[in-house]
Structure formats: structure tokens, C-alpha cells
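Morning, everyone. Please bring up the chain on your screens, and I will walk you through its strands and helices.

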Amino acid sequence: MNFFDSLKAELQLGEEELNKCTIQIRLYYPNTAELNLNTFKLLDRFIVNGTLNIIRKLKGITVYGRVRNEDFSELHQCYSTFKNIDNSNLQRFILYTPGNHYVHFYTFTKEVVNKINKEMVKDKWKLEPILIDECNVIMLQEIVRYSCIILFNKNDDIAIIKNQIDSIKGNKHPIRAFVSEYSNKEVRDATIIIIKIEKEPHNQHQPTNLITRYSHQPSKPQ
């Protein structure tokens, strides 16, 4: 028997339980050369031990990890204010959940909002959300920044959501909405489409042209 198959039979595996009680996240720090102390405090607070991975590239730094389900709301609060739970300033980042479809929308209201529930989402989009998290930030005495993040199963068809978000873009809609689809290496590779332009019969000696299209995710507001 294969060594690893033999070992597998002897272990009490916990990956399935890990996936149930945590959410995979990706924090992107654009145009950032180094993470500062306050950011590392944020990572120490939220990232589950053994899941932290930091990738540095020319255009910025990406942090991968997992956060406990019960801590996601506090992370959302940090994302909405760019302040840590101790009120210290944070480097600006963009939050993604690559293990799930991620929908984020925000607007400005005159009161604290707590409106979104699973029944509303199922009624409008015919989908069962995994998580709904609302965040209200008091900006001025009568102005609140209301933000909502909804996660969906990676296997869900979210075409209806993408279409509705596209329909409100560019028309000064008071609600700003963004969607980031489930992403892994296989999915990213599949989005690179190479279209081969066939050579004309009378141009047999001309090199073949290749057009490569890359999909991309919309930027989030800062």
C-alpha cells in the first residue's frame, strides 16, 4: 500500500471540520512594500494559526489565511473603518473570500440598518447564502456608512447577481456593489482563453496570431 494511503487510514482527519468553522480569506494591500506593526497585529488577531501565507509582488502584498466564522464580523468592521479593534490605524486593504462567491455592497444612510436576511436573499436571487454580515459605521451624527457582505457556496450560479450589479454600474446608483467569484488555480487557468486566428489560405507563410484574454475582478472602493 502507498505510504500516504496507509498513514491516511491511521489519522483522524480534520480538514472538513476546518472548512466548516473557518472562512478562507485573502487580504490584498495594493502598492505596499511592507506590512507595518498594526497590520501584523490584525493578522495575529484574526488569522487562524498555521494558515497564514504572505506573498510579496511588485504591485503589492497579498495575505492568505483563514478566519473563524465568529470573527468575520469584526474583520468586516476593520475593513469598513481601516482601524483595528484597539482603534489603531490600519494599512488599507481589499478583502476577498476566494473559497466562496463574495458579494459586497455599501451605501450611506441616515440610520443604522439591519435589513438583510436569508429569506430576502432567497426570494430575490433564489440562492441560499452561507453568511450574511452587516456593518454600520457612524460617520457623522446623522450619517451612517452601511456595508453588507454576503457569501455563497462556490458551486452556486451567481449569474443573476452579476447581471444586477452590472445594471446599476455607471448610473449614479446610491448603492455601490461588487462581486468576486470563487477562485482557485484551476478556475484562474480556465479563464485564460487563447483564441487562435487561422491563417488565410494565401498567407500560409505568415505567423499565426494569438489573442489572449484575461478575466479580472473589479476593484473595491477604498
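Start with a definition: two strands pair if DSSP finds at least two bridges between them. Helices (H or I, at least four residues) and strands (E, at least two) are DSSP runs, numbered from the N terminus.

Now the ground rules. This is a predicted model, where local features need pLDDT of at least 70, side-chain atom pairs count only at pLDDT 80 or more, and totals for chains, interfaces and linings use all residues. Residues are numbered from 1 along each chain as its sequence is written, and side-chain values use heavy atoms, with hydrogens and water left out.

First, the overview. The chain has seven helices and ten strands. It holds 222 residues, and 36% of them count as buried. Buried means under 20% relative accessible area, exposed means over 50%, and partly exposed is in between, with a 1.4 Å probe and protein chains only. Next, contacts, meaning heavy atoms within 4.5 Å. Take those between residues at least 6 apart in sequence: 64% of them join residues at least 24 apart.

Now strand β7. Find residues 143-152. Is β7 mostly covered or mostly uncovered? Mostly covered: nine of its ten residues are buried. Which strands pair with β7? One is β5, residues 101-109, antiparallel to β7 over nine bridges. There, His101 has Phe152 of β7 as its bridge partner. Another is β6, residues 129-140, joined to β7 by ten bridges, again antiparallel. Look for Glu134, which stands opposite Cys148 in β7. β6 and β7 make a hairpin, with two residues between them.

Next, an open sheet. In what order do its four strands run? The order is β2-β3-β1-β4, and the pairing is antiparallel. The edges are β2 (53-57) and β4 (94-96); each has a single partner strand, so one side of each is left without a neighbour in the sheet. From one strand to the next, the twist averages 20°.

Let us cross that sheet, pair by pair. β2 and β3 (residues 60-68) are antiparallel, with five bridges. Lys57 has Gly60 as its bridge partner in β3. Then β1 and β3 pair antiparallel over nine bridges. Here the partner of Tyr29 is Ile61 in β3. Finally, β1 and β4 pair antiparallel over three bridges. Tyr28 is bridged to Ile94 of β4.

α4 lies across β1 (22-30), β3 and β4, and runs at about 150° to β4. Angles go from 0 to 180 degrees between N-to-C directions, and axes are lines fitted to C-alpha atoms, for helices over the stretch in contact.

What does α4 (residues 72-81) pack with? It packs with α3 (residues 37-46), at an angle of about 160° and with the axes 11 Å apart. That makes α3 roughly antiparallel to α4. The cut-offs: under 35 degrees is roughly parallel, over 145 roughly antiparallel, 65 to 115 roughly perpendicular, and the rest oblique.

Which residues make the contact? From α3 come Leu42, Arg45 and Phe46; from α4 come Glu74, Leu75 and Cys78. By class, that is four nonpolar, no polar and two charged residues. Nonpolar covers Ala, Val, Leu, Ile, Met, Phe, Trp, Tyr, Cys and Pro; charged covers Asp, Glu, Lys and Arg; the others, Gly among them, are polar.
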